[in-house]
Amino acid sequence: MVFSFARRMLTEPDPRVLAKFVYNFGVKGMLSVERFKKRIKKGEYFPPFLFISVTSGCQLRCQGCWVDVDRPAQSLSLEALNKLVSDAKKHGNHFFGILGGEPFLHPKLLDLFEAHPDCYFQVFTNGHLINDALAARLRELGNVTPLISVEGTELVSDERRGRLKVFSKSVAGIEACARNKIIFGVATSVCQSNIGDLVTESWVRRLIGMGVHYVWFHTYRVVGPKPNGQLALRPEQVLAVRRFIVETRKKLPIAIVDAYWDDKGEALCPMATGVSHHISPYGDIEPCPIIQFARESIHDRDSIYEIMTQSGYLRDFREASAGATRGCVVLERPDLVKELVTRHGARDTTQRGTALAELDAMVPRHSQYNPDNPIPEEHWAYRFAKKHWFFGFGAYT
Ligand code: SF4
(Lines give C-alpha, C1' and ligand atoms only; values in the text may rest on other atoms or scores of the structure.)
Protein backbone atom coordinates (compact mmCIF):
# COMPACT_ATOMS: atom_id res chain seq x y z
CA MET A 1 0.00 0.00 0.00
CA VAL A 2 2.76 2.49 0.96
CA PHE A 3 4.55 2.37 -2.41
CA SER A 4 1.39 2.60 -4.50
CA PHE A 5 0.14 5.49 -2.37
CA ALA A 6 3.53 7.22 -2.58
CA ARG A 7 3.49 6.77 -6.35
CA ARG A 8 0.06 8.43 -6.50
CA MET A 9 1.23 11.36 -4.35
CA LEU A 10 4.42 11.78 -6.42
CA THR A 11 2.64 11.68 -9.76
CA GLU A 12 -0.87 13.11 -9.37
CA PRO A 13 -0.63 16.49 -7.56
CA ASP A 14 1.44 19.46 -8.72
CA PRO A 15 4.93 18.94 -7.18
CA ARG A 16 4.85 22.42 -5.60
CA VAL A 17 1.45 21.61 -4.03
CA LEU A 18 2.89 18.36 -2.67
CA ALA A 19 5.92 20.17 -1.23
CA LYS A 20 3.68 22.66 0.59
CA PHE A 21 1.57 19.79 1.95
CA VAL A 22 4.60 17.90 3.22
CA TYR A 23 6.23 20.94 4.85
CA ASN A 24 3.37 23.23 5.97
CA PHE A 25 1.05 20.40 7.05
CA GLY A 26 3.38 17.44 7.69
CA VAL A 27 6.50 18.90 9.24
CA LYS A 28 4.96 22.01 10.83
CA GLY A 29 1.89 20.06 11.95
CA MET A 30 4.10 17.60 13.79
CA LEU A 31 6.14 20.42 15.36
CA SER A 32 2.95 22.17 16.53
CA VAL A 33 1.87 18.99 18.33
CA GLU A 34 5.31 18.73 19.94
CA ARG A 35 4.92 22.32 21.21
CA PHE A 36 1.42 21.44 22.45
CA LYS A 37 2.86 18.49 24.41
CA LYS A 38 5.41 20.83 26.07
CA ARG A 39 2.73 23.42 26.86
CA ILE A 40 0.34 21.02 28.55
CA LYS A 41 3.13 19.84 30.84
CA LYS A 42 2.97 23.42 32.17
CA GLY A 43 -0.83 23.28 32.28
CA GLU A 44 -1.13 25.64 29.30
CA TYR A 45 -3.79 24.40 26.90
CA PHE A 46 -3.75 26.01 23.44
CA PRO A 47 -4.83 23.53 20.73
CA PRO A 48 -2.44 22.80 17.84
CA PHE A 49 -5.50 22.44 15.59
CA LEU A 50 -7.99 25.31 15.56
CA PHE A 51 -11.26 24.77 13.70
CA ILE A 52 -12.71 28.05 12.43
CA SER A 53 -16.23 28.44 11.01
CA VAL A 54 -15.72 31.40 8.68
CA THR A 55 -19.39 31.77 7.69
CA SER A 56 -22.84 30.44 8.65
CA GLY A 57 -24.13 30.76 5.10
CA CYS A 58 -24.70 27.60 3.01
CA GLN A 59 -26.56 26.53 -0.11
CA LEU A 60 -27.61 23.19 1.42
CA ARG A 61 -29.95 22.18 4.26
CA CYS A 62 -28.47 18.97 5.68
CA GLN A 63 -30.14 16.70 8.22
CA GLY A 64 -28.27 16.98 11.53
CA CYS A 65 -26.70 20.34 10.66
CA TRP A 66 -26.09 22.53 13.73
CA VAL A 67 -25.25 25.74 11.84
CA ASP A 68 -27.78 28.64 11.55
CA VAL A 69 -28.14 28.10 7.79
CA ASP A 70 -31.78 29.28 7.82
CA ARG A 71 -30.80 32.64 9.34
CA PRO A 72 -29.08 35.64 7.71
CA ALA A 73 -25.51 34.55 6.92
CA GLN A 74 -22.84 35.86 9.26
CA SER A 75 -19.11 35.72 8.49
CA LEU A 76 -15.88 36.47 10.31
CA SER A 77 -14.11 39.47 8.79
CA LEU A 78 -10.79 39.00 6.99
CA GLU A 79 -9.22 41.29 9.59
CA ALA A 80 -10.46 39.10 12.48
CA LEU A 81 -9.32 35.92 10.65
CA ASN A 82 -5.87 37.34 9.96
CA LYS A 83 -5.48 38.41 13.59
CA LEU A 84 -6.55 34.98 14.82
CA VAL A 85 -4.21 33.07 12.49
CA SER A 86 -1.29 35.42 13.13
CA ASP A 87 -1.57 35.05 16.90
CA ALA A 88 -1.89 31.27 16.66
CA LYS A 89 1.21 31.17 14.43
CA LYS A 90 3.23 32.93 17.13
CA HIS A 91 2.62 29.81 19.23
CA GLY A 92 3.60 27.31 16.58
CA ASN A 93 0.23 26.62 14.90
CA HIS A 94 0.32 26.35 11.11
CA PHE A 95 -2.65 24.06 10.39
CA PHE A 96 -6.23 25.38 10.44
CA GLY A 97 -9.51 23.58 9.77
CA ILE A 98 -11.88 25.90 7.87
CA LEU A 99 -15.57 25.14 8.38
CA GLY A 100 -18.94 26.77 7.69
CA GLY A 101 -21.73 26.72 6.49
CA GLU A 102 -20.04 26.55 3.12
CA PRO A 103 -16.60 28.21 3.51
CA PHE A 104 -16.14 29.06 -0.19
CA LEU A 105 -19.15 31.39 0.13
CA HIS A 106 -16.87 33.67 2.20
CA PRO A 107 -15.84 36.47 -0.22
CA LYS A 108 -12.37 36.95 1.32
CA LEU A 109 -11.39 33.36 2.02
CA LEU A 110 -8.73 33.16 -0.72
CA ASP A 111 -7.22 36.40 0.63
CA LEU A 112 -6.77 34.65 3.98
CA PHE A 113 -4.93 31.73 2.32
CA GLU A 114 -2.79 34.15 0.30
CA ALA A 115 -1.90 36.15 3.43
CA HIS A 116 -0.48 33.04 5.16
CA PRO A 117 1.63 31.08 2.63
CA ASP A 118 3.49 29.48 5.57
CA CYS A 119 0.28 27.81 6.84
CA TYR A 120 -1.94 24.97 5.67
CA PHE A 121 -5.72 25.15 5.47
CA GLN A 122 -8.14 22.21 5.25
CA VAL A 123 -11.50 23.42 3.94
CA PHE A 124 -14.58 21.38 4.88
CA THR A 125 -16.76 22.05 1.81
CA ASN A 126 -19.68 20.58 -0.12
CA GLY A 127 -17.59 21.18 -3.25
CA HIS A 128 -20.39 22.86 -5.19
CA LEU A 129 -18.43 26.09 -5.74
CA ILE A 130 -15.20 24.36 -6.82
CA ASN A 131 -14.83 24.87 -10.57
CA ASP A 132 -11.67 25.03 -12.70
CA ALA A 133 -11.07 28.70 -11.93
CA LEU A 134 -11.21 28.18 -8.15
CA ALA A 135 -9.23 24.92 -8.27
CA ALA A 136 -6.55 26.58 -10.42
CA ARG A 137 -6.28 29.39 -7.85
CA LEU A 138 -5.95 26.84 -5.03
CA ARG A 139 -3.16 25.20 -7.03
CA GLU A 140 -1.33 28.54 -7.30
CA LEU A 141 -1.70 29.09 -3.54
CA GLY A 142 -0.63 25.50 -2.80
CA ASN A 143 -1.52 25.70 0.91
CA VAL A 144 -5.15 24.56 0.77
CA THR A 145 -6.75 21.12 0.69
CA PRO A 146 -10.50 20.89 0.04
CA LEU A 147 -12.23 18.12 2.00
CA ILE A 148 -15.43 17.55 0.02
CA SER A 149 -18.39 16.06 1.89
CA VAL A 150 -20.34 13.28 0.17
CA GLU A 151 -23.22 11.95 2.24
CA GLY A 152 -24.68 9.32 -0.03
CA THR A 153 -25.35 8.29 -3.61
CA GLU A 154 -27.61 10.49 -5.77
CA LEU A 155 -30.99 9.91 -4.07
CA VAL A 156 -29.63 9.68 -0.53
CA SER A 157 -27.52 12.82 -1.04
CA ASP A 158 -30.55 14.87 -2.10
CA GLU A 159 -32.54 13.62 0.90
CA ARG A 160 -29.67 14.05 3.39
CA ARG A 161 -28.78 17.53 2.15
CA GLY A 162 -32.19 19.00 1.34
CA ARG A 163 -31.45 20.02 -2.26
CA LEU A 164 -31.42 18.44 -5.75
CA LYS A 165 -28.45 17.15 -7.75
CA VAL A 166 -26.24 17.41 -4.67
CA PHE A 167 -24.11 14.35 -5.48
CA SER A 168 -23.38 15.31 -9.10
CA LYS A 169 -22.42 18.86 -8.06
CA SER A 170 -20.01 17.50 -5.43
CA VAL A 171 -18.56 15.10 -8.02
CA ALA A 172 -18.03 18.05 -10.37
CA GLY A 173 -16.03 19.73 -7.58
CA ILE A 174 -14.01 16.53 -7.08
CA GLU A 175 -13.24 16.35 -10.82
CA ALA A 176 -12.15 20.03 -10.89
CA CYS A 177 -9.73 19.35 -8.01
CA ALA A 178 -8.25 16.33 -9.82
CA ARG A 179 -7.90 18.17 -13.14
CA ASN A 180 -6.07 21.01 -11.39
CA LYS A 181 -3.65 18.73 -9.56
CA ILE A 182 -4.39 19.81 -6.00
CA ILE A 183 -4.45 17.53 -2.92
CA PHE A 184 -8.00 16.87 -1.77
CA GLY A 185 -10.16 14.51 0.20
CA VAL A 186 -13.71 13.28 0.63
CA ALA A 187 -15.51 13.17 3.99
CA THR A 188 -18.63 11.29 5.00
CA SER A 189 -20.67 11.55 8.18
CA VAL A 190 -21.58 7.87 8.33
CA CYS A 191 -25.22 7.19 9.21
CA GLN A 192 -28.03 4.68 8.55
CA SER A 193 -28.76 6.00 5.05
CA ASN A 194 -25.19 5.83 3.67
CA ILE A 195 -23.22 3.20 5.63
CA GLY A 196 -24.16 0.47 3.13
CA ASP A 197 -23.04 2.48 0.08
CA LEU A 198 -20.05 4.47 1.34
CA VAL A 199 -18.32 2.31 3.96
CA THR A 200 -17.34 -0.16 1.27
CA GLU A 201 -14.19 -1.07 -0.62
CA SER A 202 -15.90 -0.41 -3.95
CA TRP A 203 -16.72 3.18 -2.95
CA VAL A 204 -13.16 3.83 -1.72
CA ARG A 205 -11.79 2.35 -4.96
CA ARG A 206 -14.14 4.68 -6.86
CA LEU A 207 -12.70 7.63 -4.92
CA ILE A 208 -9.16 6.54 -5.81
CA GLY A 209 -10.27 6.35 -9.44
CA MET A 210 -11.55 9.94 -9.17
CA GLY A 211 -8.11 11.06 -7.92
CA VAL A 212 -9.09 11.52 -4.25
CA HIS A 213 -6.02 11.41 -1.97
CA TYR A 214 -7.64 10.93 1.45
CA VAL A 215 -11.00 9.98 2.92
CA TRP A 216 -12.40 10.90 6.34
CA PHE A 217 -15.19 8.87 7.94
CA HIS A 218 -16.93 10.74 10.77
CA THR A 219 -19.96 9.21 12.52
CA TYR A 220 -23.27 11.04 12.42
CA ARG A 221 -23.93 13.44 15.34
CA VAL A 222 -27.60 13.65 16.36
CA VAL A 223 -27.62 17.41 17.02
CA GLY A 224 -29.01 20.73 15.81
CA PRO A 225 -32.59 21.92 15.12
CA LYS A 226 -33.25 18.89 12.85
CA PRO A 227 -31.35 16.07 14.61
CA ASN A 228 -32.97 13.09 12.76
CA GLY A 229 -32.17 10.54 15.46
CA GLN A 230 -33.19 7.67 13.13
CA LEU A 231 -29.93 8.21 11.24
CA ALA A 232 -27.74 7.45 14.28
CA LEU A 233 -25.48 4.39 14.07
CA ARG A 234 -25.85 1.44 16.45
CA PRO A 235 -22.80 0.43 18.54
CA GLU A 236 -21.99 -2.57 16.33
CA GLN A 237 -22.13 -0.33 13.25
CA VAL A 238 -19.64 2.15 14.77
CA LEU A 239 -17.37 -0.81 15.44
CA ALA A 240 -17.84 -1.98 11.84
CA VAL A 241 -16.79 1.47 10.59
CA ARG A 242 -13.69 1.28 12.82
CA ARG A 243 -12.81 -2.20 11.58
CA PHE A 244 -13.31 -1.12 7.94
CA ILE A 245 -10.98 1.86 8.45
CA VAL A 246 -8.24 -0.31 10.00
CA GLU A 247 -8.52 -2.98 7.29
CA THR A 248 -8.69 -0.58 4.36
CA ARG A 249 -5.65 1.39 5.59
CA LYS A 250 -3.53 -1.73 4.94
CA LYS A 251 -5.01 -2.46 1.53
CA LEU A 252 -5.71 0.59 -0.62
CA PRO A 253 -3.47 3.46 -1.88
CA ILE A 254 -5.38 6.26 -0.18
CA ALA A 255 -4.98 7.89 3.24
CA ILE A 256 -7.85 7.32 5.69
CA VAL A 257 -8.32 9.89 8.45
CA ASP A 258 -10.21 9.48 11.73
CA ALA A 259 -10.33 11.68 14.84
CA TYR A 260 -11.88 9.21 17.28
CA TRP A 261 -9.33 6.48 18.08
CA ASP A 262 -5.67 6.23 19.17
CA ASP A 263 -3.08 3.65 18.03
CA LYS A 264 -4.44 1.05 20.45
CA GLY A 265 -7.96 1.52 19.11
CA GLU A 266 -9.11 3.24 22.29
CA ALA A 267 -11.63 6.03 21.80
CA LEU A 268 -10.85 9.69 22.32
CA CYS A 269 -12.51 13.06 21.93
CA PRO A 270 -10.41 15.79 20.25
CA MET A 271 -12.03 18.46 22.46
CA ALA A 272 -11.45 16.62 25.75
CA THR A 273 -7.76 16.03 24.91
CA GLY A 274 -7.39 19.75 24.13
CA VAL A 275 -6.01 19.02 20.64
CA SER A 276 -8.76 21.12 19.04
CA HIS A 277 -11.35 23.74 19.88
CA HIS A 278 -13.72 25.74 17.67
CA ILE A 279 -14.36 29.36 16.65
CA SER A 280 -17.96 30.06 15.56
CA PRO A 281 -18.91 32.31 12.59
CA TYR A 282 -19.67 35.01 15.20
CA GLY A 283 -16.23 34.70 16.88
CA ASP A 284 -17.40 32.67 19.90
CA ILE A 285 -14.81 30.29 21.37
CA GLU A 286 -16.56 26.92 21.73
CA PRO A 287 -15.25 23.61 23.12
CA CYS A 288 -16.14 21.97 19.78
CA PRO A 289 -18.38 22.75 16.79
CA ILE A 290 -21.46 21.00 18.19
CA ILE A 291 -21.19 22.55 21.69
CA GLN A 292 -22.77 25.88 20.78
CA PHE A 293 -22.20 27.65 24.07
CA ALA A 294 -19.39 30.07 24.93
CA ARG A 295 -17.99 32.32 27.61
CA GLU A 296 -15.34 33.97 25.50
CA SER A 297 -15.06 35.50 22.04
CA ILE A 298 -12.11 36.26 19.77
CA HIS A 299 -13.38 39.85 19.88
CA ASP A 300 -12.75 40.06 23.67
CA ARG A 301 -8.97 40.51 23.35
CA ASP A 302 -6.22 40.56 20.69
CA SER A 303 -4.62 37.27 21.69
CA ILE A 304 -6.59 34.07 21.11
CA TYR A 305 -3.72 32.31 22.90
CA GLU A 306 -4.27 34.30 26.10
CA ILE A 307 -8.05 33.86 25.99
CA MET A 308 -7.88 30.09 25.50
CA THR A 309 -5.05 29.33 27.94
CA GLN A 310 -6.86 31.32 30.65
CA SER A 311 -10.36 29.92 30.00
CA GLY A 312 -11.78 28.10 33.03
CA TYR A 313 -14.77 27.18 30.87
CA LEU A 314 -12.70 25.29 28.27
CA ARG A 315 -10.57 23.68 31.00
CA ASP A 316 -13.66 22.47 32.87
CA PHE A 317 -15.22 21.12 29.67
CA ARG A 318 -12.07 19.17 28.82
CA GLU A 319 -11.61 17.72 32.30
CA ALA A 320 -15.27 16.92 32.99
CA SER A 321 -15.73 15.32 29.55
CA ALA A 322 -12.56 13.23 29.92
CA GLY A 323 -13.70 12.22 33.40
CA ALA A 324 -17.08 11.07 32.10
CA THR A 325 -16.16 9.23 28.89
CA ARG A 326 -13.48 8.63 26.25
CA GLY A 327 -16.22 9.11 23.71
CA CYS A 328 -18.45 12.01 22.68
CA VAL A 329 -19.81 13.81 25.74
CA VAL A 330 -22.50 15.48 23.62
CA LEU A 331 -23.93 12.15 22.47
CA GLU A 332 -23.38 10.19 25.67
CA ARG A 333 -23.94 12.86 28.36
CA PRO A 334 -26.03 15.79 27.16
CA ASP A 335 -26.95 16.23 30.85
CA LEU A 336 -23.30 16.90 31.74
CA VAL A 337 -22.97 19.35 28.83
CA LYS A 338 -25.98 21.23 30.19
CA GLU A 339 -24.56 21.16 33.71
CA LEU A 340 -21.24 22.65 32.52
CA VAL A 341 -22.97 25.31 30.42
CA THR A 342 -25.19 26.29 33.36
CA ARG A 343 -22.34 26.22 35.89
CA HIS A 344 -20.32 28.67 33.78
CA GLY A 345 -23.27 30.78 32.65
CA ALA A 346 -22.22 30.17 29.05
CA ARG A 347 -24.33 31.88 26.40
CA ASP A 348 -26.16 30.15 23.53
CA THR A 349 -24.05 31.13 20.50
CA THR A 350 -26.72 30.39 17.89
CA GLN A 351 -28.87 32.97 16.11
CA ARG A 352 -31.84 30.64 16.49
CA GLY A 353 -31.37 30.74 20.27
CA THR A 354 -32.59 27.15 20.74
CA ALA A 355 -29.33 25.34 21.60
CA LEU A 356 -30.39 24.74 25.22
CA ALA A 357 -33.80 23.38 24.19
CA GLU A 358 -32.05 21.13 21.65
CA LEU A 359 -29.78 19.87 24.44
CA ASP A 360 -32.81 19.23 26.68
CA ALA A 361 -34.44 17.21 23.91
CA MET A 362 -31.37 14.99 23.42
CA VAL A 363 -31.37 11.38 24.69
CA PRO A 364 -28.05 9.78 25.70
CA ARG A 365 -26.61 7.76 22.83
CA HIS A 366 -23.68 5.54 22.04
CA SER A 367 -20.59 7.16 20.45
CA GLN A 368 -17.11 5.94 19.44
CA TYR A 369 -16.39 4.71 23.00
CA ASN A 370 -16.61 0.89 23.23
CA PRO A 371 -14.16 -0.10 25.97
CA ASP A 372 -14.66 -3.86 25.59
CA ASN A 373 -13.89 -3.83 21.87
CA PRO A 374 -10.74 -1.84 21.07
CA ILE A 375 -9.54 -2.34 17.48
CA PRO A 376 -5.82 -1.36 17.36
CA GLU A 377 -4.15 0.09 14.28
CA GLU A 378 -2.67 -2.69 12.13
CA HIS A 379 -0.63 -0.59 9.71
CA TRP A 380 2.75 0.54 11.08
CA ALA A 381 2.48 4.08 9.57
CA TYR A 382 -0.82 4.86 11.31
CA ARG A 383 0.34 3.18 14.52
CA PHE A 384 3.49 5.37 14.54
CA ALA A 385 1.71 8.61 13.65
CA LYS A 386 -1.04 8.14 16.23
CA LYS A 387 1.36 6.98 18.93
CA HIS A 388 3.32 10.23 18.62
CA TRP A 389 0.89 12.87 17.41
CA PHE A 390 -2.70 11.79 17.99
CA PHE A 391 -3.56 10.14 21.28
CA GLY A 392 -5.09 10.99 24.68
CA PHE A 393 -2.36 13.49 25.67
CA GLY A 394 -2.84 12.51 29.32
CA ALA A 395 -6.54 13.46 29.38
CA TYR A 396 -7.70 9.96 30.28
CA THR A 397 -5.75 8.94 33.36
S1 SF4 B 1 -17.54 16.34 22.02
FE2 SF4 B 1 -18.11 14.87 20.41
S3 SF4 B 1 -18.29 16.06 18.52
FE4 SF4 B 1 -17.16 17.31 20.05
S5 SF4 B 1 -15.01 16.88 19.64
FE6 SF4 B 1 -15.66 15.46 21.24
S7 SF4 B 1 -16.27 13.61 20.11
FE8 SF4 B 1 -16.21 15.28 18.63
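This is a predicted model: local features need pLDDT of at least 70, side-chain atom pairs count only at pLDDT 80 or more; totals for chains, interfaces and linings use all residues.

**Loops, rings and spaces**

Biologist: What is the relative accessibility of Arg-71?

Modeller: Arg-71 has 39% relative accessibility, so it counts as partly exposed. Buried means under 20% relative accessible area, exposed over 50%, and partly exposed in between, with a 1.4 Å probe and protein chains only.

Biologist: Where does Arg-71 lie?

Modeller: Arg-71 is in the loop between E1 and helix H3 (78-90). Helices (H or I, at least four residues) and strands (E, at least two) are DSSP runs, numbered from the N terminus.

Biologist: Switching to aromatics. How many aromatic pairs are there?

Modeller: The count is 18 aromatic pairs. One of them is Phe-51 with Phe-124: the ring centres are 5.9 Å apart and the planes are at 70°, so this pair is edge-to-face. Phe-51 sits in strand E1 (residues 49-53) and Phe-124 in strand E3 (residues 120-125), so the pair links distant parts of the chain, 73 residues apart. Both Phe-51 and Phe-124 are buried.

Biologist: What's the rule for pairing?

Modeller: Rings of Phe, Tyr and Trp (its six-membered ring) pair if their centres lie within 6.5 Å; planes under 30 degrees apart are stacked, over 60 edge-to-face, the rest tilted.

Biologist: Which kind of pair do Tyr-313 and Phe-317 form?

Modeller: Tyr-313 and Phe-317 are edge-to-face, with 5.3 Å from centre to centre and 80° between the planes. Both residues belong to helix H13 (residues 312-324), four residues apart, about one turn of the helix. Tyr-313 is buried at 2% relative accessibility, and Phe-317 is buried at 0%.

Biologist: Which residues form an aromatic cluster?

Modeller: One cluster is made of Phe-21, Phe-25, Phe-49, Phe-95 and Tyr-120.

Biologist: How many disulfides does a search find?

Modeller: The search of the whole structure gives zero disulfides, a disulfide being a pair of cysteine sulfur atoms within 2.5 Å.

Biologist: What surrounds the ligand?

Modeller: Its shell includes Arg-221, Cys-269, Met-271, Cys-328 and Gln-368, where a residue is near if one of its heavy atoms lies within 4 Å.

Biologist: What is the volume of the largest cavity?

Modeller: About 100 Å³. There is one cavity of 30 Å³ or more. On a 1 Å grid over the protein atoms alone, a 1.4 Å probe fits in a cavity but cannot get out; a pocket is an open set with protein on both sides within 12 Å along at least five of seven lines, and lining residues have an atom within 4 Å of a point. Points are joined across faces, edges and corners, and a volume is the space filled by probe spheres set on them.

Biologist: Which residues line the largest cavity?

Modeller: The lining has 15 residues, and Val-67, Ser-280, Pro-281, Tyr-282 and Gln-292 lie nearest the centre of the largest cavity.

Biologist: And the second largest pocket, how much space lies in it?

Modeller: The second largest pocket holds about 250 Å³. Its lining has 21 residues, among them Val-223, Glu-358 and Met-362. Helix H16 (residues 355-361) gives the most to that lining, four residues.

Biologist: Last one: which peptide bond is cis?

Modeller: The bond from Gly-100 to Gly-101 is cis, with omega near 5°. Gly-101 is in the loop between strand E2 (95-99) and helix H4 (109-115).

Definitions and conventions: Residues are numbered from 1 along each chain as its sequence is written. Side-chain values use heavy atoms; hydrogens and water are left out.
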